[in-house]
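Student: Please give me a close look at a single part of this model. Go residue by residue where that helps, then show me how the part sits among its neighbors.

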Amino acid sequence: MYKKILVPYDNSEPARHALASALELMRGTDGEVTVLNVIEWRDYNAETFKIASRMSGVVGDSLDMNTISALDSEAENEEIKRVTDDIKSIVQEGDKVNIAVVNGSPHDSIVDYARDLEFDCIAMGHRGMGVIRGMLGSVCYSVLQKAGVPVLVVK
């Protein structure tokens, strides 16, 4: 039986079904589910960001790392609150659910997060918000190819 299931979450119906399935698998166990939201935030080192921030007078040539950290923390907290609100109708009392937000490409971030935190399984929707025509979305297909753990694909 699984102890830790990772559920990539993008507020799509398939992601909601994957979360419900993962929670059902874990009910009555001491396992936990982590809902992972992957965001492609601003790249503060990108030239376009530096130019735009200088032109607007927001920052100079060098970026204050404390300011960047505060902005990232604020964005992360807002995203956690949004995901918490989104999933409250799915999560039941007694369910052990964590919410995580990471910055990066969904394809790699999901696989890296699952590997780094030693998840037993990834449960994900067959397609997400970035729908392409076909049976599987591109993120789901990529995770299936790269993950070193079982992947439960939920329709």
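Tutor: Start with Asp108, whose relative accessibility is 37%. That value lies between the 20% and 50% cut-offs, so Asp108 counts as partly exposed. Asp108 belongs to helix H4, and the model is a predicted one. Ala147 lies 39 residues from Asp108 in sequence. In space, the two C-alpha atoms are 9.5 Å apart.

Pro106 is another residue of H4. Its relative accessible area is 22%, so Pro106 also counts as partly exposed. Leaving aside residues up to four places away in sequence, Pro106 touches Val38, Glu40 and Val139. Pro8 is 98 residues from Pro106 along the chain, yet their C-alpha atoms are separated by 8.6 Å.

Now the buried residues of the helix. In H4 they are Ser109, Ile110, Val111, Tyr113 and Ala114. What lies over them? The cover includes strands E1, E2, E3 and E4, together with helix H5. E2 spans residues 32-39 and E3 spans 97-103.

Next, the helix partner. H4 covers residues 106-116, and H5 covers 138-146. Their axes come within 9 Å and cross at roughly 40°. That angle makes H4 oblique to H5. For context, angles under 35 degrees would count as roughly parallel. The crossing of the two helices is right-handed.

Which residues make this contact? On the H4 side they are Pro106, His107, Asp108, Ile110 and Val111. On the H5 side they are Ser138, Val139, Ser142, Val143 and Lys146. By class, the contact has five nonpolar, three polar and two charged residues. Both partly exposed residues described above, Pro106 and Asp108, are in this contact. Ile110 and Val111 are in the contact as well, and both are buried.

Turn to the H5 side. Cys140, Ser142 and Val143 are buried there. Viewed down the axis of H5, the buried residues fall within an arc of 165°, so they line one face of the helix. A general point about helices applies here. An α-helix has 3.6 residues a turn, so residues three or four places apart point the same way. The cover over the buried residues of H5 includes H4, strand E4 and strand E5. E4 runs over 121-125, and E5 over 151-154. Ser142 and Val143 are buried in H5 and also meet H4.

E4 is part of the cover for H4 and part of the cover for H5. Take Ile122, which sits in E4. Its relative accessibility is 0%, under the 20% cut-off, so Ile122 counts as buried. Beyond four places in sequence, the residues Ile122 touches include Ile110, Ala114 and Val143. Ile110 and Ala114 are buried residues of H4, and Val143 is a buried residue of H5. Ile122 also touches Leu6, Pro8, Ala147, Val149, Pro150, Val151 and Leu152. Leu6 is 116 residues from Ile122 along the chain. Their C-alpha atoms are separated by 4.7 Å.

Then look just past the end of the helix. Just after H4, Glu118 takes a positive phi of about 55°. Glu118 is not a glycine. Most residues other than glycine have a negative phi. Glu118 lies in the loop between H4 and E4. At 64% relative accessibility, over the 50% cut-off, Glu118 counts as exposed.

A positive phi also turns up in another loop. Phi of Asn11 is near 70°, and Asn11 is not a glycine either. Asn11 is in the loop that joins strand E1, residues 4-8, to helix H1, residues 13-26. With 29% relative accessibility, Asn11 counts as partly exposed.

Last, the wider setting. The protein chain has five helices and five strands. From the N terminus on, their order is β-α-β-α-α-β-α-β-α-β. The chain has 155 residues, and 36% of them count as buried. Take the contacts between residues at least 6 apart in sequence: 74% of these join residues at least 24 apart. The pair Ile122 and Leu6, in contact and 116 residues apart, is one example from this part of the model.

How values were computed. Residues are numbered from 1 along each chain as its sequence is written. This is a predicted model: local features need pLDDT of at least 70, side-chain atom pairs count only at pLDDT 80 or more; totals for chains, interfaces and linings use all residues. Side-chain values use heavy atoms; hydrogens and water are left out. Axes are lines fitted to C-alpha atoms, for helices over the stretch in contact, and angles run from 0 to 180 degrees between N-to-C directions. Helices (H or I, at least four residues) and strands (E, at least two) are DSSP runs, numbered from the N terminus. Angles under 35 degrees count as roughly parallel, over 145 as roughly antiparallel, 65 to 115 as roughly perpendicular and the rest as oblique. A crossing is left-handed if the near helix is turned anticlockwise from the far one by less than a right angle, and right-handed if clockwise. Contact means heavy atoms within 4.5 Å. Ala, Val, Leu, Ile, Met, Phe, Trp, Tyr, Cys and Pro count as nonpolar, Asp, Glu, Lys and Arg as charged, and the others, Gly among them, as polar. Buried means under 20% relative accessible area, exposed over 50%, partly exposed in between (1.4 Å probe, protein chains only). The arc is that of the directions from the helix axis to the C-beta atoms.
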